[in-house]
Amino acid sequence: MSSDEVANQNDEDKNEEGVSDQDTVESVVNEAGHQTAEHADISTSPKQQAADEQLIDRLGAEEESWEADYQCYDEEYGGCDALSHDFFGRQLSCTEIGALVGAPADAQVRVRCGTRYIGLSPSSVTKVNGITIVVTHRFYQVAQKRVIFKEGNGALVLFNEIFVVNKDVAPAYTGTRVLAHSVQALLRYNQNTGAKHRIRRIRTHAFSASDAYNGAYTWARLGFNSDLERISSSLREKLLKEVQATEYSDELRQAMGRVENLNDLILAGGAELWRKNYEEFWGDFDLNPNLDSISILFSYIEKNGVEL
């Protein structure tokens with residue numbers, strides 16, 4: 001979100017969900033939260049396919065109303081044939097890639113490939129050979145940037161590099177809608193491609209209010225995850241101390257003993273606790289339907305009546 005929204009935390013959902021990442025904050029691959037250490041393959045059994053279809057449908061039945069009429073500028077992408085086949089097993093169209101990042105209807109989508117330095121942890125930098133997607137739209141204060149790249153273990157990751165909503169013109173819940181449509185398209189893509197070419201997770205650098213953003217608060221409530229210990233060595237102790245205040249429920253106090261990461265905290269009903277104590281983090285939205293990110297996003301959408 002933009003900086004002047006940070007002070008109005010209790011009502012920021014009604015204004016917009018613009019969020020958090022910073023352009024090219026450098027770091028290293030493979031260090032984003034407990035769920036990323038090992039990833040079970042996304043099941044392709046008939047039962048799991050049916051469950052995936054339900055998730056796709058519930059995250060947005062009318063994809064055409066969101067994805068139509070991209071203005072694609074893919075001259076540079078035309079030279080990325082080898083990388084596209086390595087990543088996806090075929091040459092995805094610019095429109096298909098726009099859908100994977102949740103680009104709104106009538107967005108301008110630019111796709112290019114090549115070496116990038118991107119921020120994946122707080123400690124160092126890494127150089128990746130990736131596909132960069134730049135989306136321009138009136139809903140965005142600055143161009144949205146995404147990078148698809150391979151980790152050292154061969155897993156494909158979509159990195160959210162920068163995303164700031166233009167609160168003067170964007171409808172309510174724009175950030176939520178962009179993420180939901182991206183997840184919807186990614187689930188559909190993963191369902192229809194071989195295991196080697198599936199995109200396993202979305203990664204982001206979520207900033208805190210001290211950096212004039214409150215993406216750390218927003219992204220956690222939408223399903224992004226990181227271990228509390230990885231965010232800060234003292235964070236879990238601080239939350240355990242804070243939750244003893246009378247405003248929090250007995251259920252949350254009891255659950256806190258089992259909370260190890262942001263997904264745990266949100267599922268335990270700790271969104272308000274996080275709002276008062278959130279910190280910058282590097283985290284993942286896991287696209288495995290058997291893990292918690294998707295269920296947290298869907299619960300948020302249902303609870304807040306977000307129309308997709």
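Modeller: A pocket is, on a 1 Å grid over the protein atoms alone, an open set of points with protein on both sides within 12 Å along at least five of seven lines; a cavity is a set where a 1.4 Å probe fits but cannot get out, and lining residues have an atom within 4 Å of a point. Points are joined across faces, edges and corners, and a volume is the space filled by probe spheres set on them. The model is a predicted one, in which local features need pLDDT of at least 70 and side-chain atom pairs count only at pLDDT 80 or more, while totals for chains, interfaces and linings use all residues. Numbering runs from 1 along each chain as its sequence is written, and side-chain values use heavy atoms, with hydrogens and water left out.

Colleague: What is the volume of the largest pocket, and which residues lie nearest its centre?

Modeller: The volume of the largest pocket is about 340 Å³. Its lining has 13 residues, and Arg221, Ile266, Ala271, Tyr300 and Lys303 lie nearest the centre. Helix 11 (262–267), helix 12 (271–277) and helix 13 (292–304) each give two or more residues to that lining, and helix 13 has the largest share with five residues. Helices (H or I, at least four residues) and strands (E, at least two) are DSSP runs numbered from the N terminus. On that count the protein has 13 helices and seven strands.

Colleague: How do the residues of that lining divide by type?

Modeller: Five are nonpolar, four polar and four charged. Here Ala, Val, Leu, Ile, Met, Phe, Trp, Tyr, Cys and Pro count as nonpolar, Asp, Glu, Lys and Arg as charged, and the others, Gly among them, as polar.

Colleague: How many cavities of 30 Å³ or more does the structure hold, and what lines the largest cavity?

Modeller: There is one cavity of 30 Å³ or more, and the space in the largest cavity is about 70 Å³. Its lining is made of Val101, Arg146, Leu158, Asn160, Phe163, Gly175, Val178, Leu179, Ser182, Ile202 and Trp219. Strand 5 and helix 6 are the elements that give two or more residues to this lining, and the largest share, four residues, is from helix 6. By type, the lining of the largest cavity has seven nonpolar residues, three polar and one charged.

Colleague: What makes Cys80 and Cys113 a disulfide?

Modeller: The rule asks for a pair of cysteine sulfur atoms within 2.5 Å. Cys80 and Cys113 have an S to S distance of 2.1 Å, and they are joined by a disulfide. The count by this rule is one disulfide. The torsion about the S-S bond is about -100°, so this disulfide is left-handed. Cys80 lies in the loop between strand 1 (71–73) and helix 4 (81–88) and Cys113 in strand 2, so the pair ties together parts 33 residues apart in sequence.

Colleague: Why is Cys80 called buried, and why is Cys113 called partly exposed?

Modeller: Buried means under 20% relative accessible area, exposed over 50%, and partly exposed in between (1.4 Å probe, protein chains only). Cys80 has 2%, so Cys80 is buried. Cys113 has 33%, so Cys113 is partly exposed. Of the 308 residues in the protein, 54% count as buried.

Colleague: What makes Gln144 buried, and which residues does Gln144 touch?

Modeller: Gln144 has 0% relative accessibility, so Gln144 counts as buried. Gln144 is in strand 4 (residues 144–150). Contact means heavy atoms within 4.5 Å. Not counting residues up to four places away in sequence, Gln144 touches Val101, Ile133, Val134, Val135, Ile162, Phe163 and Val178.

Colleague: How do you know that Val243 is buried, and where is Val243 found?

Modeller: The relative accessible area of Val243 is 0%, so Val243 is buried. Val243 is in the loop between helix 9 (235–242) and helix 10 (250–255). Neighbours within four places in sequence aside, Val243 is in contact with Tyr248, Leu252, Arg253, Met256 and Leu273. Val243 and Leu273 are 30 residues apart in sequence and 7.1 Å apart in space, C-alpha to C-alpha.

Colleague: What is the phi of Asp106, and what is the phi of Tyr173?

Modeller: Most residues other than glycine have a negative phi. Asp106, not a glycine, has a positive phi of about 65°. Tyr173 also has a positive phi, near 65°. Asp106 is in the loop between helix 5 (94–100) and strand 2 (108–118), and Tyr173 is in the loop between strand 5 (156–162) and helix 6 (174–191). Asp106 has a relative accessible area of 32%, so Asp106 is partly exposed. Tyr173 has 8%, so Tyr173 is buried.
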